[in-house]
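Visitor: I would like to learn to read this model feature by feature. Could you take me through it?

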Amino acid sequence: MALKTPQQYIDSLRDGRVIYWEGERIEDITTHPLFKVPLSLVAADYEYRDPEVGELRRYQTEDGSFAHRIYQVPRTSEDLAARVELMKHTSIGTLVAGVYMALMSVKDDVARVNPMYAENIERMYRHCRDNDLRGAEVITDPKGDRKRRAHEQDDPDLYLRIVERRADGIVVRGAKLHITAASIVHELVVMPTKGMRPEEADYAVSFSIPVNTPGVKIINRSFAPAELNSFDYPASSHHSCPEGFVVFDDVFVPWDRVFLAGESQLAGTLARSLGLWERTGGVVEAVRMSELFVGLAQLVTEMQGKDSDPIAQNSIAELITYAEMLRMSLDYACQHFESTESGMVFPNTLAINAAKYYYAANYHQTVRYLHDLGGGLVLTLPLEADLRNPESGKYIRKYLHTRKGVDIEARMRVYNMIRDLTADAYGGWQFVVALQAGGGLPAQRTMMNRTYNMAQAKQRALKAAGVVMPQPAGTVHG
Ligand SMILES: Cc1cc2nc3c(=O)[nH]c(=O)nc-3n(C[C@H](O)[C@H](O)[C@H](O)COP(=O)(O)OP(=O)(O)OC[C@H]3O[C@@H](n4cnc5c(N)ncnc54)[C@H](O)[C@@H]3O)c2cc1C
């Protein structure tokens, strides 16, 4: 088995998958203009000879072969640090293959309930690693009426479910929504969206299947469907990746690809496992974005001659606080890592959830500082084409002058970055991503309540309040 080249990755997607976008059934995504940017981004992650990050991208497996580092199961704090560094240089279409880390992190728990599922996890992990494949995180069900459980919905398919159990496998029906990169990966790694009760056993289902499996259909959506000019759209022109509305129309899954089929007690374990790695990715991205916000705020302020203004300085201090709180939380989560019984290390669960919550809960008001400092040009700055047209360009150059030494094109680029990142198509998408991707605020609140050392907090509060608790019976006083 060998690492793929960027072209081999592209060629591997020509496999008969059923893909829809903008009303069209797309027979070959590798030549379709809508997929050009997303495919080039994921293909770049297959560039193992890149002089800057090629080495970071790959690692040597226990068999002596090389694999993409997204598949490295962290065993030490150094492995974890390398993984976090990798995340900064990797497209989201590759990062979602981190779903196999989630599966590997719960393999011990799964083995206790059914060893066959744990063996399937291990085999599928190796299959994807050794063939340099990518897999999407396929979790979120349509969910219908949120007040009713999976089996109580008007339509029983509103949560993905097992409709048939056969000697050779299971047949599943349902849909999963918002699935990042579903159309441009090789495997769909399906997990339950939440914990399930015994009466919802058919909904406790997890497996991995190729995207071109008969019955799978993907309808796409993206904030940047067209190819965009990088002067006017410095963020959207590089970051676009479609989300998929994935339909499972009576899809057969052989037993050797099944990780869960009815043992409802494991549904919550699998659902929660992904949250940690998803949120770690979210926090890494938050650190990058928040640092960008500080730089953009300082630049736009200096370019307007407002850098000594106390109000501007206060706003920038708010942005710095946000950025530093996130950076420190990520560092803390990696330094205070946890580990599974079999020695896999993972970021501190409480710290990652608190960081992701802080990021999401404060994102909208933090962006407000940037919009306030930027002013109306954030939205109304003319396009590059009007700058390049000598008739209109001379006025743009004249009236965008602020002070000596401020280059007009540099000023325009800074404004374009602020608009694209926070106030245009990518910016609007990012407002919702910050809140919802990796689970909404309630998901992080639940995890924080579950993992905080409440017994210690209560004990310290009682001591501080002077409350003397009765000693448990049988306690010997020395
Ligand atoms: C850009 C993007 C990319 C994503 N990528 C992926 C992906 O790759 N894979 C994946 O699986 N998912 C993905 N998601 C989905 C994401 O995890 C969900 O959007 C998120 O978990 C919220 O679920 P929901 O969208 O169904 O909203 P809902 O669950 O409907 O939540 C909306 C609101 O309703 C509230 N609510 C929900 N249920 C109840 C209830 N019972 N009682 C009271 N209030 C309730 C919530 O608290 C929230 O305030 C992505 C989402 C986005 C926006």
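Visitor: In which sense do S1 and S2 pair, and over how many bridges?

Guide: First, the ground rules. This is a predicted model: local features need pLDDT of at least 70, side-chain atom pairs count only at pLDDT 80 or more, and totals for chains, interfaces and linings use all residues. Residues are numbered from 1 along each chain as its sequence is written. Helices (H or I, at least four residues) and strands (E, at least two) are DSSP runs, numbered from the N terminus. Two strands pair if DSSP finds at least two bridges between them. Here S1 and S2 pair in the antiparallel sense, over three bridges. Trp-21 has Glu-24 of S2 as its bridge partner.

Visitor: In which sense does S1 pair with strand S10?

Guide: In the parallel sense, over three bridges, with S10 covering residues 216-221. Val-18 has Lys-217 of S10 as its bridge partner.

Visitor: Which residue takes a positive phi in the hairpin of S1 and S2?

Guide: Most residues other than glycine have a negative phi. Glu-22 takes a positive phi near 50° in this hairpin, which has two residues between the strands. Glu-22 counts as exposed because 9 other C-beta atoms lie within 10 Å.

Visitor: Is Asp-132 buried or exposed?

Guide: Buried, because 24 other C-beta atoms lie within 10 Å. Asp-132 also has a positive phi, about 55°, although it is not a glycine. Find Asp-132 in the loop between helix H8 (115-130) and strand S5 (135-138).

Visitor: Which residues touch the most other members of the largest nonpolar core?

Guide: A nonpolar core is a set of buried Ala, Val, Leu, Ile, Met, Phe, Trp, Tyr and Cys residues joined through C-beta atoms within 7 Å. The largest one here has 131 residues, and Leu-188 and Leu-260 touch the most other members. Helix H10 (residues 267-303) gives the largest share of this core, 18 residues. Contact means C-beta atoms, placed from the backbone, within 7 Å. Leu-260 touches residues including Tyr-117, Val-205 and Leu-270.

Visitor: What covers the buried residues of H11?

Guide: The cover includes helix H4 (77-87), H10 and helix H12 (349-374). Among the buried residues of H11 are Leu-319, Tyr-322 and Leu-326.

Visitor: How many residues surround the ligand, and which are the closest?

Guide: A residue is near a molecule if its C-beta atom, placed from the backbone, lies within 6 Å of it. The ligand is surrounded by 19 residues, the closest being Ile-139, Thr-140, Arg-146, His-178 and Thr-180. S5, strand S7 (169-180) and helix H17 (425-436) each supply at least two residues of the shell.

Notes:
Buried ≥ 20, exposed ≤ 12 C-beta atoms within 10 Å, placed from the backbone. Contact = placed C-beta atoms within 7 Å. Lists of a residue's contacts leave out its neighbours within four places in sequence.
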